[in-house]
Amino acid sequence: MAGGSGSEDMFDSIVMADERFRGDGYREGFERGTRRGLQDGRRHGASHGAKLSTEISFYYGFAITWKCLLHQNADAKSRKRVKALEALLGLIQNSPHDDPHSAKLQEDMDKLRAKFRQVCSMLSIPTDFKDYIKTSGGTSF
């Protein structure tokens, strides 16, 4: 009987090896997938954060430039335009851009884009943000 018990243990270890290897493979795959998912998520978040930052920075520079250009004019139309530009600057400065988890971020961006379109309409200039951003394919930085 003692010999039968040893062969059963050997048989069990062979059968259980498949289960053990499957479990080990699952855990290893899960760990690799988790690491890869975090890396991909960081890369995706950085990319979209950079795009959002570029857009907001453009709006800010746009508003400051036009405000300086229109500041010298004293007519009612220019004052109205300057007021709209100041409202755009106010939206930019009061939005929580440093908190990517903010529930208001999308809402604030929608308001910002709408105000930008309104200002562009008042200034009679195109409103497509992509037209203003021209990137060079050969730029090394």
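Glu86 is placed in helix α2, where helices are DSSP runs of H or I with at least four residues, strands are runs of E with at least two, and both are numbered from the N terminus. This is a predicted model in which local features need pLDDT of at least 70 and side-chain atom pairs count only at pLDDT 80 or more, while totals for chains, interfaces and linings use all residues. Residues are numbered from 1 along each chain as its sequence is written, and side-chain values use heavy atoms, with hydrogens and water left out.

The chain has four helices and zero strands, in the order α-α-α-α along the sequence. Mean pLDDT, the predictor's confidence in each residue from 0 to 100, is 82 for the chain, and 86% of the residues reach 70 or more. Among the elements, α3 has the highest mean pLDDT (91) and helix α4 (residues 129-132) the lowest (60). Where pLDDT is low, the predicted coordinates should not be read in detail.

The chain exposes about 10,600 Å², of which carbon and sulfur atoms supply 56%; the areas come from the Shrake-Rupley method with a 1.4 Å probe, and for residues only the protein chains shown count as cover. Of the 141 residues, 20% are buried, meaning under 20% relative accessible area, with exposed over 50% and partly exposed in between (1.4 Å probe, protein chains only). Contacts are heavy atoms within 4.5 Å; among those between residues at least 6 apart in sequence, 62% join residues at least 24 apart.

A nonpolar core is a set of buried Ala, Val, Leu, Ile, Met, Phe, Trp, Tyr and Cys residues joined through side-chain atoms within 4.5 Å. The largest one has 18 residues, and Phe62, Leu112 and Phe116 have the most contacts inside it. Helices α1 (2-70), α2 (76-94) and α3 (105-123) each supply at least two residues of this core.

Which residues does Lys115 touch, not counting those up to four places away in sequence? They are Ala84, Ala87, Leu88 and Leu91. Lys115 itself lies in helix α3.

Glu86 counts as partly exposed because its relative accessibility is 39%. Its C-alpha is 8.7 Å from that of Ile64, 22 residues apart in sequence.
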